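Dear colleague,

Please find the structure below, together with its sequence. I would be grateful if you would read the notes that follow it.

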Amino acid sequence: MAVKGNVPYDPQNVFARILRGELPCNKVYENDYVLAFHDIAPKAPIHVLVIPKAPYVSFADFSQNASEAEITGFTRAVGQVARILQVDGPGYRLLSNVGEEGGQEVPHFHVHIFAGRALGPMLPE
Ligand code: 5GP
């Protein structure tokens, strides 16, 4: 179920538990700022999630409250993960769902990287 916007950070959300090592993940990349791992229910041949290590609920929270270093570190890491996945040649799609109408299910900011085939229209008609 989608989460409402403007909620306080829930430290029991599934990505917080992955960051604490309480749940496993199939890791692609990690640095001081981010962890990237394969989505458990991929919606494209390549479907990777990039999450900040710090506790931000959504892009709305991250863009308002993260430090310059966190924002730069996160943005560069997304590009780095795309290079690791070797998708920057053929292309890929970035997506971040925010809040209820955005369809966000996990209340820890994340960017989806979709790739591996022509991805078609941006949204269903
Ligand atoms: P959202 O709808 O919040 O943008 O996307 C959440 C994503 O997290 C979904 O694509 C879902 O498949 C993925 N996900 C949910 N639980 C887990 C988990 O335990 N492990 C991994 N790797 N992905 C998860």
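The notes below concern the ligand and its surroundings.

This is a predicted model, in which local features need pLDDT of at least 70 and side-chain atom pairs count only at pLDDT 80 or more, while totals for chains, interfaces and linings use all residues. Residues are numbered from 1 along each chain as its sequence is written, and side-chain values use heavy atoms, with hydrogens and water left out.

The ligand is surrounded by 17 residues, each with a heavy atom within 4 Å of it. The closest are Asp39, Asn97, Glu105, His110 and His112. By type, this shell holds eight nonpolar, seven polar and two charged residues; Asp, Glu, Lys and Arg count as charged, Ala, Val, Leu, Ile, Met, Phe, Trp, Tyr, Cys and Pro as nonpolar, and the others, including Gly, as polar.

Glu105 instead places a backbone N or O atom 2.7 Å from a ligand oxygen. Of the 520 Å² of accessible area that the ligand has on its own, the protein covers 85% (Shrake-Rupley method, 1.4 Å probe).

Which elements give two or more residues to the shell? They are α1 (14-19), β2 (34-38) and β3 (46-52), taken from DSSP runs (helices H or I, at least four residues; strands E, at least two). The largest share, three residues, comes from α1.

With kind regards

How values were computed: A polar contact is a pair of N or O atoms within 3.5 Å; within protein, one must be able to donate a hydrogen and the other to accept it, and residues adjacent in sequence count only if both atoms are side-chain atoms.
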